[in-house]
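Please look through the sequence and the model shown here. The text after them is meant for a reader who has not seen this structure before.

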Amino acid sequence: MPKSTSYHEKLIQDLKNPLEAAAYIEVVLEEGDPKMLSKALKNVIEAHSGIDRLSAQVKELYNKLDQMLLEKGEIEFYSLNSLLDALGLHLAIIVKP
């Protein structure tokens, strides 16, 4: 019998694809839940070989963002943009459908 893959393992595997990671973050941002964004960023970082593979500056930035999300429910736009840049992603502004 084949071994099943957990949801989390499958998610992390999928998030290794930059298009999947971008869509995932986009959906979470649309939801507007700071705790979900915190978890989503953790998942994308895990898919990119984990936080230990990030530079010290990016780790510090991530920790600052995570703390702000969990404590205040808000983050600085430029800090989020810098973290996404380090993950090979960027924010975009589009016209609503």
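This is a predicted model: local features need pLDDT of at least 70, side-chain atom pairs count only at pLDDT 80 or more; totals for chains, interfaces and linings use all residues.

Residues are numbered from 1 along each chain as its sequence is written, and side-chain values use heavy atoms, with hydrogens and water left out.

Helices here are DSSP runs (H or I, at least four residues), numbered from the N terminus. Two packed helices are described by the angle between their axes and the distance between the axes. Axes are lines fitted to C-alpha atoms, for helices over the stretch in contact, and angles run from 0 to 180 degrees between N-to-C directions.

Start with helix 2 (residues 18-31) and helix 3 (residues 34-47), whose axes lie 9 Å apart at an angle of about 170°. Helix 2 is therefore roughly antiparallel to helix 3. Angles over 145 degrees count as roughly antiparallel, those under 35 as roughly parallel, those from 65 to 115 as roughly perpendicular, and the rest as oblique. On the helix 2 side, the contact (heavy atoms within 4.5 Å) is made by Ala-21, Tyr-24, Ile-25, Val-28 and Leu-29. On the helix 3 side, Met-36, Leu-37, Ala-40, Leu-41, Asn-43 and Val-44 take part. Sorted by class, this contact of helix 2 with helix 3 has ten nonpolar, one polar and no charged residues. In this sorting, Ala, Val, Leu, Ile, Met, Phe, Trp, Tyr, Cys and Pro count as nonpolar, Asp, Glu, Lys and Arg as charged, and the others, Gly among them, as polar.

Helix 3 also packs with helix 4 (residues 56-71); their axes come within 8 Å and cross at roughly 155°. This angle makes helix 3 roughly antiparallel to helix 4. Helix 3 passes helix 4 in a left-handed crossing. A crossing is left-handed if the near helix is turned anticlockwise from the far one by less than a right angle, and right-handed if clockwise. From helix 3, Pro-34, Lys-35, Leu-37, Ser-38, Leu-41, Lys-42 and Ile-45 meet Tyr-62, Asp-66, Leu-69 and Leu-70 of helix 4. The contact of helix 3 with helix 4 has seven nonpolar, one polar and three charged residues.

Helix 1 meets helix 3 at an angle of about 70°, with the axes 8 Å apart. Helix 1 is therefore roughly perpendicular to helix 3. The crossing of these two helices, helix 1 and helix 3, is right-handed. His-8, Leu-11, Ile-12 and Leu-15 of helix 1 make the contact with Asn-43, Val-44, Glu-46 and Ala-47 of helix 3. By class, the contact of helix 1 with helix 3 has five nonpolar, two polar and one charged residues.

Asn-43, found in helix 3, is buried at 3% relative accessibility. Buried means under 20% relative accessible area, exposed over 50%, and partly exposed in between (1.4 Å probe, protein chains only). Leaving aside neighbours within four places in sequence, Asn-43 is in contact with His-8, Leu-11, Ile-12, Leu-15 and Tyr-24.

Side chains of opposite charge can pair when their charged atoms come close. How many salt bridges does a search of the whole structure find? The search finds two, a salt bridge being a side-chain nitrogen of Lys or Arg within 4 Å of a carboxyl oxygen of Asp or Glu.

One of them joins the side chains of Asp-14 and Lys-10 (2.8 Å, N to O). Asp-14 and Lys-10 are four residues apart in helix 1 (residues 7-15), so about one helical turn separates them. Asp-14 is partly exposed at 27% relative accessibility, and Lys-10 is partly exposed at 44%.

Another salt bridge joins the side chains of Lys-42 and Asp-66 (3.9 Å, N to O). Lys-42 lies in helix 3 and Asp-66 in helix 4, so this pair ties together parts that are 24 residues apart in sequence. Lys-42 is partly exposed, with a relative accessible area of 36%, whereas Asp-66 is buried at 14%. Not counting residues up to four places away in sequence, Asp-66 touches Ser-38 and Lys-42.

Most residues other than glycine have a negative phi, and most peptide bonds are trans. Ser-49, in the loop between helix 3 and helix 4, has a positive phi of about 75° although it is not a glycine.

Ala-92 belongs to the segment after helix 5 (77-86) and is exposed, with a relative accessible area of 55%. The C-alpha atoms of Ala-92 and Ser-4 are separated by 36 Å, and the two residues are 88 residues apart along the chain.
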